[in-house]
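Thanks, everyone. Have a look at it first.

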Amino acid sequence: MAHTEWRDAPELPDFSLLKRLARDQLIFLLEQLPGKKDLFIDADLMSPLDRIANVTILKQHEVDKLYKVELKPIVSSSDQLCFLIRPRIQTVKWISDLVNADKVAGRFRRYKIIFTPQKFYACETVLEEQGVYGDVTTDEWNFYILPLDDDILSLELPEFFRDNFLEGDQRWVTTAGSALHLLQSVYGSFSKVYGIGRCAKMVYESWRELMEEGEQRTRQPEFAKVFLVDRDVDFVTPLCSQVVYEGLVDDLFRIKCGTVELGPDVTSSDKSIKVMLNSQDKVFSEIRNEHFSNVFGFLSQKAKNLQTAYDKRRGMDIQQMKAFVSDELKGLKQEHRLLSLHIGASESMMKKKTKQDFQELLKTEHSLLEGFEIRECITYIEEHINRQVSMIDSLRLLCLLSITENGLLSKDYRSLKAQYLQSYGIKHLLTFANLRQLGLLEEQQAGETLTVMESKVGKLVNDKTVGKLTDAFSSLAKKSNFRALSKRLALVPKSGEEYDLRVPRDMAYVFSGAYIPLSCKLIEQVLERDGWTGLEEVTRMLNGQEFAVTGGSSSSEARNKTDAQRIVLVMFLGGCTFSEISALRFLGKERGCRFVVVTTAITNSARLLEALLDNHA
Amino acid sequence: MAFVTANWNPLGDAFYRKIELYEMGWNLKDGLRDCLVAAAPYGGPIALLKAHNRCSPSARPQLEIFSSSGLPLASFPWKSGVVKQLGWTVSDDLLCVQEDGTVLVYDLLGGFKRHFSMGNEVSQSQVLETKIFHSPYGTGVAILTGALRFTLATNIDDIKLRRLPEVPGLQGAPSCWAVLTQDRQSKVLVANGSHLFVLDNTACTPVTPPGLSPQASSIVHMCVSFSYKYLALLTDSGHVWMGTSNLKEKLSEVDTKIKAPPKQMAWCRRPKSQQPSAVVMWDGLLLVVGECKETIQYHLDDDSILVPELDGVRIISGTHHELLQEVPGACEEIFKIASMAPGALLLEAHKEYEKESQKADEYLREIKEQSLLSEAVRQCVEAAGHEHEPETQKTLLRAASFGKCFLSNFPPEQFVSMCRDLRVLNAVRDYTVGIPLSHTQFKQMTIQVLIDRLVYRKLYPLAIEVCRYLKTPEYQGVSRVLKYWACYKVCKKKNYILIIFVQPYCMPSCMLVYTVVMYLKNELNRGDFFMMLRNQPVALSLYKQFCKHQEQDTLKDLFNQDDDHEELGNFYVKASYKEQRLEARIAHLQSAVDEYYKAKNEFSAKTTEDEMRLLRFQRKLEEEKGEQLVGFSLHDTMTTLLSVGLHKHAEQLYKDFRVPDKRFWWLRLKALAEKEDWEELEKFSKSKKSPIGYLPFVEVCIKHHNKYEARKYVSKVTLEQKVKAHLAVGDVEGAAEAAIERRNESEIGTVLSRCSATTDHLLVERLNRAKATVAKK
């Protein structure tokens, strides 16, 4: 990777503005229902709401009591009930039942439902069907984007993934489009938009429609380019175990809305502590993108430095001491606190992750990515299942195996599935149905027969037609084509070479040097080529659906010099992992640009697979 | 502004004005000559049938429908019989009365709706003349047949034909007639020469208008006011008699001095009029008559028709569309030359204020001294409502707003609602919409009806905007419009739906899909509905989402329709988990099995059958042994059984369910270690050759901190795993030995990493040597 010059990283725009906008609108909506009121909040909106408007602000606007929506009968004496919810049919039904129960009891209250980020017609239909449409007022809180960090914007819509990719429900598409529109109206237009995936295409269309409707503002753009990518373009990356610090913390402790709760075993006290993880945390910001094998060393060095700083006290006179206490001590104390937390976390991480089990798990994953010793991998997975090591991890390995191998042999497919069902119950028949539908876990059969046919037909016609045929066949078979893609894009570095994780040479470091995330590689390639030219074969293997559009602002040459031209917005539809974010940060450093990630939600292997289980409903 | 009164003409105590509404957008070659024309009241559409009476059967006259501004709404060749009369219903449907008494109903975009007959008698003796009238009961049709008898239907939506009694002495067609609505009955007033009769259901009563001038030998024309309260008669002597329609009171009589029969006559009255007045039209001349002797005369260039309205008369010609009305009181007060009414002064005050002149204050003082400021404001607001020009409206409203500033407790509602109303009125009066409603008409008509009319003209976006702007409650406003919109799209053509369905991304269309789906669900029978959904993936997935929460069973039907046995199987499996009772659960699973077999998915079928067996087994054991088992996976069941010592039963499951050896060994191993039954574990290890090797034995012992037991198994471990095993029990030397023996570089490395340089330096040396030799090879 030859980089001729290192430029300074461009300044990122101030995304806290988005929070202010959301807060102002929320306050406006609350004021629409004057007087004291009880507020019911969807459980998964609690944390995002807290980042926008805390309890004090809510109380200032006459919110009396706060409740979590639990879909159970309520105890509230207030005459005004306000519901702040996601547009879900189930919740709306629950509210309808409440209203109807009040009616039966002869109780008069005022009800207001605030849907966020938008209303869905289906919800209103439910209100109508339940006969309460006239009794409630509805509103929208257009809270599309929560800035989790300087460079991470989240729609906080984990259900986007399942709804869109599994259920084929495209209602959220407009939400994503509106989010982009919001960014554009606040931060200026983009000069170029790239994307890949069916959903990405639709989001772009929806966004374009909004652009055409609204007035055009001619502003200096704060972003150069936008890249939209569907999660189902790359399932391999989120299925891999994360080994970069931030990703690992997410895998182990689950980061929720930018905050992690560290249990007593980590804090070495008797209570849990909630920690905000973002660039404000000086310790964290230095280690978040590091491979975890480096973290411990880094932290101990840091501890030594801290000690030295503390030690400066010795031999100070009063004056100096005074200055030290007022200027430095607080910062040191703060750093001390954070340091001890992160040391605790990484200790518990080392405990769990350097164990033999984890090493073997990683080894298996790497073999799968490389396509070596597949039999051994299958045996390993089998044992994993038989020993009931972890429901989600077993599933994850099965999926990785299937994707990297382009589907399982019929015999393996059946036997592994049967064993899994024996371990975890027959309800997972539904899980497997879902996985198959998404192409995450499949039987090879169909693909093989097609390949045979393909080669036979191929002999009869010319090359160009073969390409087209392959397109048709591959879309029929929903093949993952991982092996071919990996070769084409050099995703898996040659094995045997030493990879110094302390001095990463490419994005593969986020997976211990074993694999460059496909999603990030695509972004890199497209940005490098300024489009999809030269990637035809790759896009064909990814089932096409790629696009590149030049945006409204022209004269790109003139603006090339500005900072904005070096900021790239990447939108992940269906979630993105911290590993991907780390990889993009690395890429940004290499290229002297910066990436801002917009995602429907932060995801990881567990969240991804849990979304596909069918034990709810 | 200065010319507001330019088009005013005095008549008695009042003024009349003629306002141009539109220059007609149509391009008619011969104007309205030889056309059958019908214009609906309340600024409704205009229907035109050209050359209808050129009776050659092959002639296909064109029926055209225009908006009030003359924009075409529909046009089609007339293929039915000879049309005698066109007319509009109260809901903007077009009625075409044919010679044979058949009435055809079209919507305003030319779509045929239905037809009905006015009875056998009419069709036998043919239609001579016909009148279409509106009453509180709807739209009615009255027909004079060739047999000189009247047949009447008061409401065409609920047809009850009434044949009225014979008119005595009627030889030919009566000189004129009209339909009255009195005492909740429709009656016909007929003039035969100078004789006047009222026909009702039962009788024909001769009547005499009080004080009708004696010179008249015949009544040649008559018209009834918009409210049916007043009647005007025109005699052959040229006199217009005006009175109440019950013929009890005479209001005035004016001599027009024209003896020719007029083309049309209409009342020109507004609610709270100062005087009765009628408009009479001849070729090229229009006359307004009131109480006084004088008349107002207008010259007409072109063939025109009169359309009576609630508050005036519209005059439509081939090129223009005008409104003739008595100048409303408020306007008169304000704009009358040299008026000193409070409104006029306020307007003046505001004008001066705009000019930054101190005269503003003088005028204001004058009004305030008489404490008439609130009256002044009210006048300005009211007058604004009656003005047609937005500029004049604005001037008046600004003056009102100006005046309001000096009033402390003037209620704002009137002003606000007037502003809103005018905004809407100006929007619908727009040339492209072409509904020239006056404010009085608008108030009479109500906003709901206006929205209906907009919807009827398919002006959905405007209708929605109006609803939103006037803050009409959703169910009356926006939702209703959307419903109509969706219905329209649905009704138009199924093909159209297909087009909607393939554009899934924009929100309105997503919403539309939903609306359409919900609508069709109620309209179509299930089979058709599902068939339609089948080809619409977006609609289907939306509907499935809805069903998941609202109508589970529908989902099942949906899969059934598609013969999607796989999904049905899954559906039943899911359903089984919701059941508490075991029997119900098993029943569901049985259904699932059947479906899976139909889907040729043997794997799922077999697995489900196994599950049923397992459930039965679990229940049996629960009953016998009191262990909680139902619902556990096979693995968990076996774990539980082993942990409580039910080895036999666990073994039975192992055999019955073809549990792989490996799993069973893991299970046993884990269970025994949990119980720390080391003796049994050892026995088990020796029962036969372990399919999982012996390293797990070592590891499980270590896990339970029993190094002693662990060592027992180290020797049994295969060569490949020896190093691991030794290391597991903490035997570095043993590990080193094994590693060196196997000459495996990476293993030697592993052992080295476990040695501490201080304690084992001899060993380290040995290992390093071995490593070197291995590396050499």
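Let's start with a sheet in chain B. It is open, has four strands and runs in the order β7-β8-β9-β10, with antiparallel pairing. Bear in mind that this is a predicted model.

Which strands stand at the edges? They are β7, residues 83-88, and β10, both of chain B. Each has a single partner strand, so one side of each is left without a neighbour in the sheet. From one strand to the next, the twist averages 20°.

A quick reminder on pairing. Strands of a sheet pair through backbone hydrogen bonds, either parallel or antiparallel.

Now the individual pairs. β7(B) joins β8(B), residues 94-98, in the antiparallel sense over five bridges. Look for W88(B): opposite it, in β8(B), stands L94(B).

Move along to β9(B), residues 102-106, and β10(B), residues 112-117. These two run antiparallel and are joined by five bridges. T102(B) has S117(B) in β10(B) as its bridge partner. β9(B) and β10(B) form a hairpin, with five residues between the strands. In that hairpin, G110(B) takes a positive phi near 85°.

Next stop: a helix.

This is α10 of chain B, residues 460-469. Which of its residues are buried? Y460(B), A463(B), I464(B), V466(B) and C467(B) are. They cover an arc of only 160° around the axis, which puts them on the same side of α10(B). An α-helix has 3.6 residues a turn, so residues three or four places apart point the same way.

Now turn to the face away from that buried side. There you find P461(B) and R468(B), which are exposed. Just after α10(B) comes K471(B), with a positive phi of about 55°.

Last stop: the cavities.

How many cavities of 30 Å³ or more does the structure hold? There are four.

Which elements supply the lining? In chain B, β2 (14-23), β29 (320-326), α5 (373-386) and α8 (439-445) each give at least two residues. So what classes line the largest cavity? Six residues are nonpolar, eight are polar and six are charged.

That's the tour. Questions are welcome.

How values were computed:
Residues numbered from 1 in each chain as written. Chains lettered and ligands numbered in written order. Predicted model: local features only at pLDDT ≥ 70, side-chain atom pairs only at ≥ 80, totals over all residues. Heavy atoms only, no water. Buried < 20%, exposed > 50% of the residue type's maximum accessible area, 1.4 Å probe, protein only. Arc of directions from axis to C-beta. Pairing = 2+ DSSP bridges. Axes fitted to C-alpha atoms, helices over the stretch in contact; angles between N-to-C directions. 1 Å grid on protein atoms, 1.4 Å probe; cavity = no way out; pocket = protein on both sides within 12 Å on 5 of 7 lines; lining within 4 Å. Points joined across faces, edges and corners; volume = space filled by probe spheres on them. Nonpolar A, V, L, I, M, F, W, Y, C, P; charged D, E, K, R; others polar.
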